[in-house]
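Colleague: I have a new model open and would like to learn how to read it. Could you take me through it?

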Amino acid sequence: MRSARATDSPCSTSRRRLLQGAASTAALGLVVPSPARAADAIKVGVLQPLSGGLENLGQQGVQGTRLAIEEANEAGGVRGRRFELVIADDKTDPKTAVERTRELVQRDKVVAIFGPVTSANRDAIRPTIERFKTPLFYATDYEGGVCSRYIVCYSGLPEQWVSPFVPFLKQTYGDTFYMFGSDYVWPRKMNEAVRRAAERAGGRIVGEEYTPFGVKDFTSTVRKIEQSGAKVLVLDVVGADAITFVKQFVAAGGQAKTKLAWLGYSENYIPGLTRDESEGIVTVANFISTLDKPEAKAFVAKVKKRFGETAIVSNTVDAHYMLTRFFIEGVKRAGAVDKEKIIDAVTGFQLESGNGMVRLRPEDRHADLNVVIAETKNQRQVLLKDLGLVKAQSQCKG
Amino acid sequence: MSPPRVGIHLTVVVWLLLAACPLLVSEWRLSQLAQITSYGIFAMSLAFLWGQTGLLCFGQAIFFGVGAYVMALITKGMVSGVGDSTVIGLLAATLLAALVALAAGLLVFRGRGLSGAYFAIVTLAAAVIAERAASHSRFIGGFNGLLDVPPLRYGGAASRVELLAPTPVYYVMLGAAGLAYGLLLWLERSPLGTTLRAVRDNEPRTAYFGFEVSVYKTFSFALSGAMAGFAGGLFVTQFGFVSPALIGVPLSTEVLIWTALGGREVLLAAFLGALVVRSVESLLSEALGYYWLLGLGVLFIASVVIFPRGLLGRLLSLPPPRRMAGPAEPPR
Amino acid sequence: MLRIRGLVAGYEDAGSVLEGIDLEVAAGESVALMGRNGMGKTTLLRAIMGLLRPTAGEVVLDGVALTGRPPFEISNAGIAYVPQGREIFRDFTVEENLRLGLLGKHGMATRVPDAIYARFPILAERRWQRAETMSGGEQQQLAIARAVVGRPRLLLLDEPSEGIQPSLVESIATTVSAISREDGTSVLLVEQNLDLVLALTTRCLFIDNGRIVDATESARLRDERGLLDRYLTV
Amino acid sequence: MAAVLIVALDAANFMLALLLVTLGLVILFGLMNVINMAHGEMFLLGAYAVVLVERQGGGFWLALVLAPLALAVIGLLIEEVVIRHVYHRFIDTILATWGLSISLKQAVIIAFGPTAQQVENPLPQTVVILGTLYPVYRLFIMAVAVLAAAGTFLLFYRTSLGLVARAVIANRPMASSLGLNTRRMDRMTFAFGAALAGLAGAVMAPLMSVDPQMGVGFLIPAFLSILVGGTGTLLGTLLGTTLIAGAGTVVASVWTQITAQIVVFALAIVVIRLFPQGIIGARR
Amino acid sequence: MTPPLLEVCGITKRFGGLHVLRGVNLSIGAGELRCIIGPNGCGKTTLFNIITGAFPANAGTVRFRGENITGRSPHVISRLGIARKFQVPGIYPTLAVAENVEIPLLSRHGTARPWSMLRAEARTAERLHGLLARFKLRARAVGAAGALAHGQKQWLEIAMLIASDAQILLLDEPTAGMSATETSATVELIRQLQQEHGIAALVIEHDMNFVRRLACPVVVMLRGAVLFEGGYAEVQAHPEVREAYLGRAARG
C-alpha cells in the first residue's frame, strides 16, 4: 500500500476526537460492546495502525470492519453465533505488527485478521499468518503480487488504477509525464505501470524520481519538474512528505503549468492542505463519498449515522466494510467456523459495494473493482469520470 | 567491608525465575517472552559497550540489523555454498556484524578518534545512512525487506525439524541469552573488562599507562557489534522477517531506553530493562494509548536526572571479581 | 570592614582545608596572607568569594552576612577577586574583559571609564586585541583592572606575581597601592613575593594547616627570617 | 549559466532554511554544551503555535511573533525542570533531551492528534527570477534566516547581554565572581535558543507538512552542520550549513534525493572524522 | 658512554601570548632522584605534560635513553617506562581499589592486543596483593577508589605507577593533602623504590620538608626556565632562589 512508515501522517483533526474516543474504548475493552459476549462468539482480529503515523487510515479501517460486524450481529449473527472484534495496534511498525499478530492468533485465537495498512507490515506478518494458517483480510490498495492461500485482498492494483487513468490524463491534460514517488516498492511498481500505460497511449515520460522518507526540501525536484516541461505530474509520494512536496510545488506556481495526478490521494489528505493547495488534484479510486449513486449515498448515510456527521467516508472505510462483509458471507456459506473452509467460501460471489457490484476471484483471492477518477474542487473530491468495473490479471501468475 | 552480596542473590533468583517461566506463565506469554529475549540480548550488547566502555552508541541497531539480514539471507538459502542451517546463520550473523563494527571502530577511533557526543551523533547519522541504504538495496528486499524467514530448526536437509512449540523455543532463546550473558559477564569480570572500565573512567590515565585506548574501544565496539548481530539473528527466527526498520534510528533509540532504564552498567539490569519495558508495553500500551509513550518519555527523563544508573542497576550490581579480594587476610 | 569568624571549608573528596579561620580587614587596609602551598590560602579566598560553600563560620562585610550567598551577590556587595592563574576570558578582547567587570554591577555605567585605561596604559594600547595574545604580565594587569573597574571595597588578590618579571611586579604593586590609596579599597593579598607584600600591605598574616597562626607588621617582615622560613617555601 | 545560477539560488535557499533551523541549536549545543536532541520538537512546537494561533483567528503574522515567545517560556520551563540538573553531565544531556523529545512529540499528538495540520501560506505569490518562477515565501524564509542569523550574531557579539552570556558560558565561576548572575543567564540563553527553534518552526510551517514528525528530519542535518563547521562558533555553523545544504542540493540536482542524503551524511561523517574540532575549529 | 635516562633540551611552549616554557634543559640518569621546585606558574606541570606527550612543544627535544621521543603519543611514551602521577590524583573512581592497581600491572603484559589481557590474571595476582599490602590498601581492596581519603588516593596512584614497572616516575605534588606522617612515609617509599628497584623519579614538590628529606639534587624553575640546580642546602642558601620565591626584598 502507499503509506509506509512512522513519518506518514496525512489527514485531519476535526473528527479526530470522536475517532480517538472510539479507538480507545475499543482498545480498553478490546471488544465491541455487544450482548453476545458468550464463549461461543466468533473472534475476529483487527490489526490496524492506531498510532505511529497512520492512525487515520487505521481508524477508518476499524470503522469499516466494525460497521459490517455490528450489522451482522444486529441481524442475529451467523447461526446464532455472534462476532467479537479484538482490536490490536501495530503502531505502523513491522516488529509490533508481528507481535500483535501472534497475540491475536495464539492468545485470542481469532479465526481471521483484518488489516494492516502498510505493505511492509503485511509482508512482515505473512510468515506468521501462514505458519498458523489464519486468514488475513487485506483491504488497502497495493502494488500487487500477493498470492497466498491465507491472504484475501480487496485492493486497487496498478492494473486497475493506472491502466485506465493514464490515457485519461494524456487525453485531458497533455502527453508528457513526470513521475515522482517515495523510495519503496509501491511507487516503483505504480510507476512501472504508468510508464507502460503512457507509452501504450502515445505519451512520453520526461522524468522519474524517487525520494527518501523525511525530506523537507523539494526545491531541486520542483525545479526538475518545471524544466522537464511535463504536462502531468504523477505523484506517488506518501504521507507527510507528499503534503510537504505539494505545499512547495504549489508555492512555486507548479500547478499552473503541470497537472497534479496523485495516486493514493484521498479525503484524508485534504485537511492538511489549504484550499489553494488541494485545488485541482486529480486521482483515481474505487470509491469517493460524493459519488452520485444510490448505493454510495446509502453507504455514506450508514457510516455517518453510526460514527457521526464528521466521520470521513473514504475509500478505506468502504474497502474494509466490503471485505468484512465478504468474510461474514463466507462464514455463512462455509457452514462451520473453520479457517480453511472460510477461505474457500469467501470468493466467487458478488456483493454490492458503495460503488457497484464487486466480486472476489477464487483464483487469486483479489477483487474486481469499480473505479472512478476524481478531482478536488473547493476541498471536496468530485467525480470526473466513472470507469466502471476494471478487472486485473490473476496475481498468482508468473 | 565487603560490598553487599544482595546483587549475587538477586541475579541467581532472576535466572531461576526465568528458567521457571514455562511453569509460571501461559503458553502465548511464553512465546512472547521468547520473542523479546532477542531484544534482551540486544540490550546487553549495548550495556557492554556503553556501561563498560563508556561509548554511547546511537546506531546500535546497525549491527542488530546486519545480523538479522545475514541470518535471513542464509537461512532462506539466498547465499550459495554455505548451507541454510540455523547454526551457520547465527555464526555468520555474529561474525559479519562483528566485522562491520570492527571496520566502523577502526574508522572512528583510530588516532585522535571521536568520543563522547561526537561519537553519539556520528553513530546516529550512520544509522540513518544504514536504514536508507538498506531500503534502497534490491538484493535484500528494499523497503519491505526479506520475508518468510524460517524459524529455529535443526537436522539435515532431509529430516529437518522446525522448532515451533513455545517451551522448547523459549529454552533455546533463554539458553542463547544465558550464553551471551555468561560470555559478556566473564569478559566484564576478566582483566580485560577491568581495562575497558578503566578507559571509561579515565581515558587519559589509561593512555598514560601505555594502553592504546583506541584499540580497546574498537575491540569493545566489535564485540558489542557481534553480540547485537547475534541478537538480530535470533530475532529473525522469532519474527520471520527483516526490514530496514530494524537497522535504523528508531530501534537504536528503543534499545537505548531499555538499557538506560534497566541500568547500563549491569548486564542483567539491561536485559531485564528490555524484557520489562516490552512486557509492560504489551500489557499497557493499548490501554494507555498515546499516554504510554508520553509516560515512557517522562520516566526516561526522570531516570536520567534522578537515577543515572538505571532503576535496576544498583539492585543487581555484583561485587568486584573475587581476585580483587585476594588471599584470605593473614592472621595478625 | 571584612570580618571572618570560624570559617571552615573544603572540598568534597579532600575534606576540609580551612579549619576555622578568624581574620579582619579594616576599611582601606591592605593585608597580606602568607603561607606554604596547600595550607588553604586560595581556599580561603574562594570561600570568601562564595565559590566554595563554607561548612561553618561566617563572612561579614560591613555588617552584612555574606556566608552562603552566590558569588555574584558577593561581588555586588563589594568584593572583587583576581584568581590565581588570572582566568581572563582568553577569546575576548581587552575591552570586553573589562566591560564584564562592570556589567554585573547594579547602577554602574557599562562603559569602561578612561581612568582605568589611564591607570593601565598597556591595556589602552591593547584595547581591541584578544586577551590570549598578551603576555603573562599584561594578562595579570588585565585581571586586576577587570576586578577594580567595578570599584570594589575589598580586592582579593591571589598570587598576582605568579610567573611575572620582577620589573612588572613592581609596577603592579605601584598601581594597586595607588588604587587602594585613592579609592580607599581594602586589599587582601595572597602572596609569596615579599616585594609585593612590602610594597602593598601594612599587615601580614600567616596561615598554616587551615588556621591563622601568626601575624606581623609587613614592614618588619624583612627582619623576621624565622617567620618566613617557618611558614614559607624556601 | 542561468541553470547554474538557479541551482546556486536553490542551494542558498536550502542553506538558509537549514541555517534558520540550526541557529537555536548553535546556542544550545554549540555554546551551552547541551546536546539538545529535543531541538526538532522545539521546532515542531513553533509550527504548532502557528496552528493554534490561526485556529483562534489570529493571522499568520501574529503567530510569527507569538511562536518564539511561547517557545521561550517553554524553554525556561524545560531548563528549570530538566536541563539545570544535567549541565555538568555532558552525555546525560543527550539522554535527557532525548526523553524530552519523545515526551514533547507525544504531548503534541495527544493535544492535536497525529495528523497533518493546515497552515495558510501567507505569501502565495511567485516572482520571476532568472527566467523561472520563484515562490515569494521562499524569499521571505531566506530573509528571515539572514535576519535571524545576523540578529543572533549581533546579539551575542555586539551587545552587553551577549557578552555576558558568552562570558558565563566560557567561565562560569569567574563570571559569577565578576557579579554576573549566571543562573539567570543560563535561563535566558536557553530560552533564547528555544525561541529561535520556535521561530524556525513557525517560519517553515507554511511550506511543510505540519505533523508531529516534522521536526525529526532537520535534527540530524542540523547537528552535522554544527559538527562539520565546529562548535561554539556562528561562523562555523554558517560554513557547516553551507556545506551540508550546498552539497545536498547539488547532488540532488544532478542525481537524486536518495543519493544526496546518503552522500551528504557520509561526507559529513568523514569531515567530522578528519576534523574533530570542525573545519573552523581545526584552523584555530 | 651511556646517555642519561631522560634528557630535556631547549623545550619551549607558548599558549597564545603566554610563554610558559622558555628553553628548559634538564637531565636525569637511571636510578636518580630529582626534585623540581619553583613558584606557582613557573611551568613545572607543563614540562611534565610535554615529556609525557600530552601536547607538543613549540621547540626543543625530549630524549629517553638517547632516543628522541618528542611528540609521541602518551601511550607510546608510557610503554618506554615513563610513568606519571597527576596533581589531582589520576585514579579510576568507580573501580575497586584493587582494580585500579590491576590496570598498570596489566599494561606490562602486552597491551596491544586486548585478548591477551584475558590470561593475565594469574601473572598479576601475586604482585597485586603484594602492592596493596605495601601501600596499606588491602582493607579497602574491593571498595570503590573514589571513596578513599585524599591522601590514600595519592598513595594509590603511586602504587599504580610502581605497578606499571616504570623506570622513571614523574610525580606531580605527590604529598599534596597528606598529613605529616603520610609525607614522611612517602619520602621513605620513594627512597626505597630507588634503592631496591633502581627507579628514577622526577618530583614536583612545594613542601620543602619533603625536598630536604628526600636529599636529592633540586632543580629550581622560574618563569619557564631552569634558574638553578644544586643540593638542598645550596638551594636554600642561594640568594636568587630566595628571590625567585620571595622577591628581591628577601635577598638580603
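Modeller: Start with a rule. A salt bridge is a side-chain nitrogen of Lys or Arg within 4 Å of a carboxyl oxygen of Asp or Glu. This is a predicted model: local features need pLDDT of at least 70, side-chain atom pairs count only at pLDDT 80 or more, and totals for chains, interfaces and linings use all residues. Residues are numbered from 1 along each chain as its sequence is written, chains are lettered from A and ligands numbered from 1 in the order in which they are written, and side-chain values use heavy atoms, leaving out hydrogens and water.

Colleague: How many salt bridges does the rule find across the interface of chain E and chain B?

Modeller: It finds 4. In one salt bridge, Arg205(B) meets Glu157(E) at 2.4 Å, N to O.

Colleague: Which elements of chain E supply at least two residues each to the side that touches chain B?

Modeller: Helices (H or I, at least four residues) and strands (E, at least two) are DSSP runs, numbered from the N terminus. Here they are helix 2 (74-80), strand 6 (82-85), helix 3 (97-107), helix 4 (121-134) and helix 5 (150-163) of chain E. Helix 3 of chain E gives the largest share, 7 residues.

Colleague: How is the size of an interface given?

Modeller: Often as the accessible area lost when the parts come together. Buried area uses a 1.4 Å probe and is summed over both parts. Chain E and chain B bury about 3300 Å² between them, with 65% of it on carbon and sulfur atoms. In contact terms (heavy atoms within 4.5 Å), 44 residues of chain E meet 36 residues of chain B.

Colleague: What separates chain A from chain C?

Modeller: They do not touch, and their nearest C-alpha atoms are 37 Å apart. Chain B and chain C have no contact either; their closest C-alpha atoms lie 17 Å apart.

Colleague: How do strands of a sheet pair?

Modeller: Through backbone hydrogen bonds, either parallel or antiparallel. Two strands count as paired if DSSP finds at least two bridges between them. Chain A has an open sheet of 5 strands, in the order 2-1-3-4-5, with parallel pairing. Strand 2 (83-89) and strand 5 (151-153) of chain A are the edges, each pairing on one side only. The twist averages 25° from one strand to the next.

Colleague: Which residue is the bridge partner of Phe114(A)?

Modeller: Phe137(A), in strand 4 of chain A. Strand 3 (residues 112-114) and strand 4 (residues 136-138) of chain A run parallel, joined by 2 bridges.

Technical notes
Buried area = accessible area lost by both parts, 1.4 Å probe. Axes fitted to C-alpha atoms, helices over the stretch in contact; angles between N-to-C directions.
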